[in-house]
Amino acid sequence: MRREIKKILIALALVALLGSGVLLHIRAQSAIIITLNFEFLRQGTAGVISLSGADLVGGVVNAFERSYPFFPVTGGFAALLAVPMDQRIRDYPISITVYRADGETLTWEGTVKVASGEFIREPAFSLPSDKFHLLDMSVQENEDARLNSIYSVVTPERFWEGQFSLPTNAPTTSPFGSVRDFNDGSTRRHTGYDFRMAVGTPVKVSASGRVVYARPLDIHGSNVIIDHGWGVFSNYAHLSQIFVVPGQIVLQGEVIGLSGNTGRSTGPHLHWEIAVNGVLINPMDFIRLKLPI
Ligand SMILES: [Zn+2]
């Protein structure tokens with residue numbers, strides 16, 4: 001399917017430090033510039049890959065047995081490369097295919113380094129006996145499948161501008177990716193970030209987007225999911241009240257519901273998730289990521 005790889009010359013390397021990583025500029029004979037805006041990616045994080053050059057109409061990144069599309073931005077295109085939290089720590093092949101207006105297809109191949117997500121193991125979780133059934137693997141698998149089907153949609157339109165923001169200023173209680181031992185003997189990974197919030201505290205949406213889910217789930221409890229476009233979703237879980245309906249457009253900072261203690265929750269808190277291209281990533285890391293516009 002891929003045509004002969006056109007020779008790509010590496011003209012510049014390591015030209016500038018920026019935020020979390022090193023800019024690596026790779027210049028092709030055909031004046032296409034691919035910029036990996038990171039030196040490496042930690043497990044459960046995303047990085048930005050930029051693409052520019054004359055007569056480009058798009059492209060795709062292939063890595064971690066997934067495809068990550070490029071979207072048009074000022075001066076070119078950008079893709080969000082998200083690494084699953086359980087991706088093993090090592091170097092992985094990455095290929096970037098770009099499409100030109102004349103039908104020509106060019107591919108660059110390289111490697112991307114995955115580093116430790118530095119996840120912690122939390123003190124044991126004690127779920128009350130009336131919520132014990134929520135630890136059943138069948139309940140977990142059903143909910144995972146449902147969320148996966150939502151998170152796997154890629155809306156080409158981008159609804160947000162600028163950076164994502166916190167859903168609350170409440171103190172955080174549990175980080176992303178942590179290992180959790182429950183009182184039934186099972187071990188789970190934390191798929192989001194938790195904030196200590198009394199029941200009934202307003203929850204603000206992290207970025208503008210479209211509501212795609214607004215109803216109870218077994219584990220996430222009363223749940224709101226926002227599609228921000230480009231395959232980016234945010235999720236607000238264990239709510240006590242929901243103020244939005246599917247299809248509704250919400251703006252960054254808008255209150256979409258009130259915090260609660262519904263679903264598989266051991267006390268009042270907000271659970272906040274972000275998924276990129278079907279991959280759950282560290283929301284705290286994502287809001288610090290300099291996103292292309
Ligand atoms: Zn949580």
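Which residue takes a positive phi in the hairpin of S10 and S11? In that hairpin, which has 4 residues between the strands, the residue is Gly-103, with a positive phi near 95°.

## About the model

This is a predicted model, in which local features need pLDDT of at least 70 and side-chain atom pairs count only at pLDDT 80 or more, while totals for chains, interfaces and linings use all residues. Residues are numbered from 1 along each chain as its sequence is written.

## Strands around the hairpin

Strands here are DSSP runs of E with at least two residues, numbered from the N terminus, and two strands pair if DSSP finds at least two bridges between them. Strand S10 (residues 91-100) pairs with strand S11 (residues 105-115) in the antiparallel sense over 9 bridges, and within this pairing Pro-93 stands opposite Thr-111 in S11.

S10 also pairs with strand S6 (residues 56-63), again in the antiparallel sense, over 7 bridges. Here Val-61 stands opposite Ile-96 in S10.

## An open sheet of three strands

An open sheet of 3 strands has the order S16-S22-S20, with antiparallel pairing. Its edge strands are S16 (202-204) and S20 (241-242), each of which pairs on one side only. S16 is joined by 3 bridges to strand S22 (residues 255-258), the two running antiparallel, and Val-203 stands opposite Gly-257 in S22.

## The largest nonpolar core

A nonpolar core is a set of buried Ala, Val, Leu, Ile, Met, Phe, Trp, Tyr and Cys residues joined through C-beta atoms within 7 Å; a residue is buried if 20 or more other C-beta atoms, placed from the backbone, lie within 10 Å of its own. The largest such core has 65 residues, and those with the most contacts inside it are Ile-49, Leu-81, Val-224 and Val-276. Strand S9 (residues 76-82) gives the most to this core, with 6 residues. Because domain 1 (16-115) and domain 2 (129-288) both give residues to the core, it lies between them; the domain bounds come from an automatic or database domain assignment.

Leaving aside neighbours within four places in sequence, Val-276 is in contact (C-beta atoms, placed from the backbone, within 7 Å) with residues including Ala-46, Leu-80 and Val-232.

## Ile-274 in strand S23

Ile-274 has its place in strand S23 (residues 269-276), and it counts as buried because it has 29 C-beta neighbours inside 10 Å. Not counting residues up to four places away in sequence, Ile-274 touches Phe-233, Ser-234, Ile-281, Pro-283 and Phe-286. Ile-274 and Val-232 are 42 residues apart in sequence, yet 7.2 Å apart in space, C-alpha to C-alpha.

Terms used:
Buried ≥ 20, exposed ≤ 12 C-beta atoms within 10 Å, placed from the backbone. Contact = placed C-beta atoms within 7 Å.
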